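Here is a briefing for modelling work. Please look over the sequence and the structure first.

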Amino acid sequence: MKLQELFKKLPIDEKYNFDINKITTNTNDIEKGSLFIAIKGTAVDTHSRKYIDEAYKKGARAFITEEEVRIPNDAVQFVVSDTRKTIGLIASTFYGHPSQSLKIIGITGTKGKTSCTFILKSMLEKLGKKCGIIGTSGAFFGSEHIELKNTTPDPITLQSLLRKAVDMGLEYILMEVSSQAMKQWRVMGTKFLITAFTNISPDHIGPTEHKDFDEYLSWKRKFLMLSKKVIMNSDDEHFAEMTAPMKNKIITVGETGKDFTMTNVSENSFELNGRSIETNLMGKYNMHNLALSIATLNEVGFRMDDLVTATSNIFIPGRMEIIEKKERKFVIDYAHNKLSLLNLLAEIKSWNQERIIVVVGTVGERTFERRHEIPEAINQYGNEAIFTADNPNHEDPEKIASEMASHSLIPTKVIADRKNAIETAYRDSNPGDVIVVAGKGDETHQLINGERVHYSDREIIEKL
């Protein structure tokens, strides 16, 4: 692609109208014909001489920056007010505006995003539609699984994935969109058919994320406003706060929903506008996720008669995933904050009156409030807690686990090695007990000292 094709509204001198075969923000990825976009990150600013020189030496001759930088005369520079806002727009153009050829359903919320995407995928496939997922568990396109570093990938990765989806003949993309993704403008250049909101509670607040709950809520709301129609869980306590400034068409769903009303909600069934809905999913929070998904697809254009027949045999990896071992039940779940753990443990307690042992940790270097909130949740329903590692990164995992243990009111152990922690829970258990392994779900790595090290709760449990 010629540089002029990326900047159609700017006249570009023919001597600078280079062939662009790659766009990147990482100097390690640069090759001849690359367009380099400098960004001001929390740890590194690639406007510095070191990165500009490295990019040039490796073959970059076109640069997008937020400030004037010195470059040789045979290179061209575009200065913009915010390069993060620009990346997605450039990437979308580079990959041929793929979102315009897809029906993208965007889901946001503190809890339930992944569950909703897998529910939607299962239902759409039963209705004969080709679809893919982009989210916390990675990208799922047909039989292909692509691991991702973030729930919502960086804009260049995102646009390349959407291009791949178009080329594979997919029609629908079900995308989790985080507040951090919005704050960093990762979805700029992406067109959403419809957006949906699950719920919101204080989370992701810290020096490298959001300064407070108001900012967190604000970025969630900004995402929802990217589509003309929004599906909202009206039962959420912050519903009025979320919707007050919104001008989009709002469709409500929930036990207080005016458009889609839930009644007779049980652990695996409910009625939606008087229609009986039954499913293999368990838990009232999953009934709300399912109702939101049904409402979303109905608003997209699917008949309710067809939707109510597509709610069986739904599998959500790493979400209340049960593995039975010698009269014990292991429950693998992604629950990693107070509210999600409370919901999970309350559900388990309702069908298991024996002991509940919880193995859990929390991330290093951020979301510090979880270190007391997670033990507080376990105190209400757990009989034993084992605190361990969960993506400690550069922080000492034993220090994190010990800090969590200081807030525990039940028998507690600190075992930093997660494999050892799970094995210890197994040894401590009796027939009939439930061992909840929470926080990582179906993740297949631990983040340790900046490196993604292979690790899987499921693999450890299956080998016991």
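The notes below cover an annotated lysine, salt bridges, nonpolar cores and a set of paired strands.

This is a predicted model: local features need pLDDT of at least 70, side-chain atom pairs count only at pLDDT 80 or more, and totals for chains, interfaces and linings use all residues. Residues are numbered from 1 along each chain as its sequence is written, and side-chain values use heavy atoms, with hydrogens and water left out.

**The annotated lysine**

- Lys220 carries the UniProt annotation "modified residue: N6-carboxylysine", which comes from an unreviewed entry. UniProt positions follow the numbering used here, feature names are shortened, and annotations may be inferred rather than shown by experiment.
- Lys220 sits in helix H7, residues 213–224. Helices (H or I, at least four residues) and strands (E, at least two) are DSSP runs, numbered from the N terminus.
- Lys220 counts as buried because its relative accessibility is 2%. Buried means under 20% relative accessible area, exposed means over 50%, and partly exposed lies in between (1.4 Å probe, protein chains only).
- Leaving aside neighbours within four places in sequence, Lys220 is in contact with residues including Thr108, Lys113, Val177, Ile200 and Met242. Contact means heavy atoms within 4.5 Å.

- Thr108 belongs to strand S5, residues 103–108.
- Thr108 is buried, at 0% relative accessibility.
- A polar atom of the Thr108 side chain lies 2.7 Å from the backbone oxygen of Val177.
- Beyond four places in sequence, the contacts of Thr108 include Lys113, Val177, Phe197, Lys220 and Phe223.

**Salt bridges**

- The structure holds 32 salt bridges. Each is a side-chain nitrogen of Lys or Arg within 4 Å of a carboxyl oxygen of Asp or Glu.
- Lys2 and Asp19 form a salt bridge through their side chains, at 3.3 Å from N to O. Lys2 lies in the segment before helix H1 (3–6) and Asp19 in the loop between H1 and strand S1 (22–24), so the pair ties together parts 17 residues apart in sequence.
- Lys2 is partly exposed at 32% relative accessibility, whereas Asp19 is exposed at 51%.
- Arg49 and Asp53 form a salt bridge, with the closest N and O atoms 3.0 Å apart. Both residues lie in helix H2 (49–58), four residues apart, about one turn of the helix.
- Arg49 is partly exposed, with a relative accessible area of 30%. Asp53 also counts as partly exposed, at 32%.
- Glu403 and Arg371 form a salt bridge, with the closest N and O atoms 3.3 Å apart. Glu403 is in helix H13 (397–405) and Arg371 in helix H12 (370–381), so the pair ties together parts 32 residues apart in sequence.
- Glu403 is partly exposed at 31% relative accessibility, whereas Arg371 is buried at 2%.
- A network of salt bridges links Arg275, Arg303, Asp305 and Asp306.

**Nonpolar cores**

- The largest nonpolar core has 38 residues, of which Phe270, Leu272 and Ile294 touch the most other members. A nonpolar core is a set of buried Ala, Val, Leu, Ile, Met, Phe, Trp, Tyr and Cys residues joined through side-chain atoms within 4.5 Å.
- Helix H9 (residues 284–300) gives the largest share of this core, seven residues.

**Strand S17 and its partners**

- Strand S17 (residues 328–333) is mostly covered, with five of its six residues buried.
- Strand S16 (residues 321–325) pairs with S17 in the antiparallel sense over five bridges. Two strands pair if DSSP finds at least two bridges between them.
- Lys325 has Arg328 in S17 as its bridge partner.
- S16 and S17 form a hairpin with two residues between them, and Lys326 in the turn has a positive phi of about 45°.
- S17 also pairs with strand S21 (residues 434–438), in the parallel sense, over five bridges. Here Val434 in S21 is the bridge partner of Lys329.

Methods. Polar contact = N/O pair within 3.5 Å; in protein donor to acceptor, adjacent residues only side chain to side chain.
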